[in-house]
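Here's a quick look at the pockets of this protein, written with grid-minded readers in mind. Have the structure open as you read.

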Amino acid sequence: MLIQQIARTTGMEVDELLYLAATSDRRYKVYHIPKRNGDARKIEHPSREIKALQRWISKVVVSKFPVHFAATAYQKGSGIRENAERHRTSKYTNRYDFKNFFPSFSQERVESFFAKQGKELGMAFDQDDLRFIGDIVCRHGKLTIGAPSSPALTNAMMFDFDKSLFEWCQGKELIYTRYADDLFISANEPNKLNNIESKIAQSKRNVSHLSLRLNRQKTTYLSKKNVRRITGVVITTDHKLSIGRERKREIKALIHRWISGTLRRDEVDYMRGLVAFARDIEPQFEKNLRKKYGDKAIAEILLSADLENKPDPEYIFF
């Protein structure tokens with residue numbers, strides 16, 4: 001049984017594991033963070049013990065499940081840049097969004113998926129194992145935003161959907177990628193992107209463990225004539241990747257405030273993240289920052305283990 005395997009590898013007692021699973025719904029810190037549209041996103045952050053078990057299940061079990069090439073989020077060697085790169089040479093892109101993505105995966109469907117995958121891969125899960133897994137990776141009967149197991153598990157559960165849509169798009173000379181709940185389909189001719197919604201609906205209907213709905217309010221149609229923004233990356237009219245003018249102005253303003261000593265402590269990590277993002281997407285912009293602010297300042301932002309909210313005095317040179 002899986003529970004006994006977890007007990008052996010973690011040093012925990014079986015009864016302790018079962019108690020944690022039975023009380024897991026109460027072992028979360030719940031808070032909200034603002035979205036760009038003004039709404040709030042609910043985050044359900046598991047306790048240290050539940051998180052450790054979720055990571056164990058992800059590493060030992062879920063990692064053995066197949067994930068399709070079209071899935072670019074939460075994958076080693078892939079990510080935001082790779083997702084945008086695959087669409088870079090196209091001219092037109094449609095973006096589709098699934099509503100309430102993680103919570104749409106119910107515990108019943110999760111357990112059914114583990115049972116099916118276990119049989120296909122020769123991993124024997126009995127009913128107690130399946131219930132334990134479901135109780136650990138779900139809260140109140142569904143996956144959550146905040147659990148480290150949710151990204152890897154949804155990527156695996158989306159495999160058949162991704163495969164179906166990817167192969168259909170290949171046959172139509174279209175480019176398909178999925179970054180979590182965002183679907184991107186590109187073409188070089190606009191008429192090739194007609195009636196895509198019906199194919200998406202068909203692909204998800206054919207997968208029994210999926211219960212997804214498109215958020216049609218977030219469907220967008222992007223073209224080379226205007227700015228194409230894919231997972232935060234701008235594809236310019238000459239088919240290059242960029243972070244965009246607004247991001248560049250924001251980064252410069254943050255660095256200026258850091259140099260002048262007026263950047264708040266809670267903004268430092270945000271600045272560092274943006275600079276690292278720019279370095280990955282548009283290396284030339286990093287070179288421009290080094291030319292403007294000096295190599296040492298940018299190196300400290302990127303590499304310092306404990307960046308202060310004030311730089312060394314020698315950085316203040318303008």
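## A word on terms

Helices here are DSSP runs of H or I with at least four residues, and they are numbered from the N terminus. A residue counts as lining a pocket when it has an atom within 4 Å of one of the pocket's grid points. Keep in mind that this is a predicted model.

## The largest pocket

Let's start with the main space: the largest pocket holds about 1,700 Å³. Its lining runs to 39 residues, and those nearest the centre are Arg41, Arg95, Asp181, Asp182 and Lys218. Sorted by class, the lining has 16 charged residues, 14 nonpolar and nine polar.

As for strands, at least two lining residues each come from strand 1 (28-34), strand 2 (40-46), strand 3 (92-97) and strand 7 (228-230). Strand 2 has the largest share, with four residues.

## The second largest pocket

Next up is the second largest pocket, with a volume of about 230 Å³. Part of its lining is Asn226, Val227 and Arg229, along with Val234, Ile235, Thr236 and Thr237. Ser242, Gly244, Arg245, Glu246 and Lys248 also line this pocket.

Which elements supply at least two residues each to this lining? They are strand 8 (233-235) and helix 10 (245-260). Helix 10 gives the most, namely three residues.

Conventions. Residues are numbered from 1 along each chain as its sequence is written. This is a predicted model: local features need pLDDT of at least 70, side-chain atom pairs count only at pLDDT 80 or more; totals for chains, interfaces and linings use all residues. Side-chain values use heavy atoms; hydrogens and water are left out. On a 1 Å grid over the protein atoms alone, a cavity is a set of points where a 1.4 Å probe fits but cannot get out, and a pocket is an open set with protein on both sides within 12 Å along at least five of seven lines; lining residues have an atom within 4 Å of a point. Grid points are joined across faces, edges and corners, and a volume is the space filled by probe spheres set on the points. Ala, Val, Leu, Ile, Met, Phe, Trp, Tyr, Cys and Pro count as nonpolar, Asp, Glu, Lys and Arg as charged, and the others, Gly among them, as polar.
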